[in-house]
Amino acid sequence: MKNRLFVATRKGAFVLERRMAAKWEVVHSGFLGDNLSIITHDGRDGSVYVAAAHGHFGVKVHRSDDGGQTYTEIAAPQYPPQPEGQVDLCPMRKTPIPWKTELVWALVPGGKDEPGVLWCGTIPGGLFKTTDRGATWELV
């Protein structure tokens with residue numbers, strides 16, 4: 001897999017392969033025009049995970065089981081309902097912190113002995129874990 005590179009951009013996802021000594025070529029693209037925050041390859045099973053920040057539609061997470069050729073939408077990490085009357089303020093700006101996932105900024109596969117485990121960092125600051133390849137997420 002050292003000759004394959006997965007790139008997430010504000011304009012989509014791109015899979016690049018090194019075809020010659022120092023030449024990289026785009027061999028596949030997806031999510032064209034979508035603002036992607038991260039793409040991660042899981043070397044344990046070959047899956048590729050991508051998170052998109054759709055603005056109006058919110059955060060979406062997708063998984064590919066064929067090296068980034070096709071993707072299936074999976075669950076996105078979600079915060080629990082905000083307790084009535086509770087307002088959390090940003091200590092620096094003194095503005096309310098939203099109780100919804102605004103951005104996925106980290107997706108990291110678990111260890112070799114943890115099949116199906118992924119860790120996810122979000123904005124607002126949260127750490128989520130899945131043990132079923134993204135079908136469900138738990139706030140840590």
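Which side chain meets that of R4 in a salt bridge? In this predicted model, local features require pLDDT of at least 70 and side-chain atom pairs pLDDT 80 or more, whereas totals for chains, interfaces and linings use all residues. Residues are numbered from 1 along each chain as its sequence is written, and side-chain values use heavy atoms, with hydrogens and water left out.

The partner of R4 is E17, with an N to O distance of 2.4 Å. A salt bridge is a side-chain nitrogen of Lys or Arg within 4 Å of a carboxyl oxygen of Asp or Glu, and six are found in the whole structure. R4 is partly exposed at 28% relative accessible area, whereas E17 is buried at 17%; buried denotes under 20%, exposed over 50%, and partly exposed the range in between (1.4 Å probe, protein chains only).

A second pair, E73 and K60, meets at 3.8 Å, N to O. Here E73 is partly exposed at 47%, and K60 is partly exposed at 25%.

D45, R63, D65 and R133 are linked in a network of salt bridges. D65 is exposed, with a relative accessible area of 53%, while R133 is partly exposed at 25% and R63 is buried at 15%. R63 also touches residues beyond four places away in sequence, including Y49, Y71 and R133, where contact means heavy atoms within 4.5 Å.
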